[in-house]
Amino acid sequence: MLCTSPINNHILEKISLVFVSSLLILSVVDCRSVGQKVHFPAINCRKHSALLTDFGAVGDGKTSNTKAFSAAIANLSKLAVDGGAQLIVPPGKWLTGSVNLTSHFTLFLHKDAVILGSQNESEWPFLAPLPSYGRGRDGPGGRFSSLIFGNNLTDVVITGNNGTINGQGETWWTKFKAKKLNATRPYLIEFLYTNLLQISNITLINSPSWNIHPTYSSNVLVKGVTILAPVHSPNTDGINPDSCNNTRIEDSFIVSGDDCIAVKSGWDQYGNRFGMPTTNLTIKRVTCISPSSAAIALGSEMSGGIRNVRAEDITAINTESAIRIKTAVGRGAYVKDIYARRFKMKTMKYVFWISGDYKQHPDAGFDPKALPKITNISFKHMRAENVTIAAKLSGIPGDKFTGICISDVKISLTAKPKKLQWNCTDVVGVTSDVTPKPCDLLPTKKTMSCPYPSDKLPLENLKLKTCIVNL
């Protein structure tokens, strides 16, 4: 029998203005319940299983379970060489600080399980800055470890039948705004140098900062996640693949105070030196609500390079822009071979936004001669309603952004649109069958369709196994 997991009532109240149809894709979790057994899809199944309560955890929402999580993972890590293990988080509210996972491991959240991020800063270890950033993203110095963290791992699955991870981020947002933190806020889920990572069929709410941050990793699958944060919460990006190779993001719903998806690869001279690009990324069937940011952003931290990104069947509602490329003098590297098609948008400030003047820098040590190369950007088959500005495309003087192709795009405007619909400087490209009429820097060619690759990227061929958990 197909198992469905409806989103909790309190979550539905937060997003009551969203079309219910946009949530249906997430209400169905690919699992079948037979008695106490739940079948679920995963990159690998595990031979051994344990409950969090086996290690003394208390699910009352008040007792700290940081030690219980640590004990569970330490014990189960010994089984990595014998078929791996899965840790089941049963119904309850499980308060914890930062948790470090292990290889050949599955963290499974029951639909009535809620992992709560501790409000006690001492339960969040302090980490050095990422080498491709040179400092914390919130300010100079290091950062707090993420709630769910992993480093140098292989074969990790975080899944469930729509259980919840609640970062309880409001305290962190308040401290950040008041400048009372001495380190960058923790993310909800972060993995470094990890191969084979799956995050699926869970709900993430109120992260202190970014929600999902795979970094220096490969073969990453993010599927069927719901991410919710107040639209005015600071820097609560949804999914941020950062210097990753072979990443697949699909079938997800995101309400965010920042970009729903932000593709990154390091910051200025630190990213240049580290030199690890984000490559081979697919994004499919994602719905975004973010009134002050983008559905999909490329950058602004892109100094290791971003190449071969494919996005299709994206819905953006009440979102600042559909696709935004953010870069600046000093970033260096490149954003190239970006393909997007079949976007549906409603109530947008911009449809397309490319900016070469994003002036945030980690410090004064960036190279002013490091100019980014932005080229081969292809957008096609898009429809947008209630739009204020069709496009703002701003390259860098002396460093034009080239190879921009836009075809079969129909944009209807708000009742009070901006007079200048296409604001273009230092860009080169072509358009076909686009309304409103594009700027002169993007001349119209008849009967032209912008390219979209027909081949599949490596992770698109990944076949998940059917695994079992006893609840």
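A disulfide here is a pair of cysteine sulfur atoms within 2.5 Å. Keep that cut-off in mind as you walk through this predicted model.

Start by selecting C244. The sulfur of C244 is 19 Å from the closest cysteine sulfur, in C260, and that is too far for a bond. C244 is buried, with a relative accessible area of 1%.

Now select C260 together with C288. These two form a disulfide, with sulfur atoms 2.1 Å apart. C260 sits in the loop between β21 and β22, while C288 is in strand β23, 28 residues apart. The torsion about their S-S bond is about 75°, so this disulfide is right-handed.

Next, pick C45 and C467, whose sulfur atoms are 2.0 Å apart in a disulfide. C45 lies in the loop between β2 and β3 and C467 in strand β32, so the pair ties together parts that are 422 residues apart in sequence. Colour by accessibility here: C45 is partly exposed at 33%, whereas C467 is buried at 1%.

Then move to C424 and C439, another disulfide. Both cysteines are buried, and the S-S torsion of about -90° makes the bond left-handed. In total, the model has four disulfides.

Finish inside the protein, which holds two cavities of 30 Å³ or more. For the largest, about 60 Å³, select lining residues including Y133, R135, W210 and H213; the lining divides into four nonpolar, two polar and three charged residues.

Technical notes:
Residues are numbered from 1 along each chain as its sequence is written. This is a predicted model: local features need pLDDT of at least 70, side-chain atom pairs count only at pLDDT 80 or more; totals for chains, interfaces and linings use all residues. Side-chain values use heavy atoms; hydrogens and water are left out. On a 1 Å grid over the protein atoms alone, a cavity is a set of points where a 1.4 Å probe fits but cannot get out, and a pocket is an open set with protein on both sides within 12 Å along at least five of seven lines; lining residues have an atom within 4 Å of a point. Grid points are joined across faces, edges and corners, and a volume is the space filled by probe spheres set on the points. Ala, Val, Leu, Ile, Met, Phe, Trp, Tyr, Cys and Pro count as nonpolar, Asp, Glu, Lys and Arg as charged, and the others, Gly among them, as polar. Helices (H or I, at least four residues) and strands (E, at least two) are DSSP runs, numbered from the N terminus. Buried means under 20% relative accessible area, exposed over 50%, partly exposed in between (1.4 Å probe, protein chains only).
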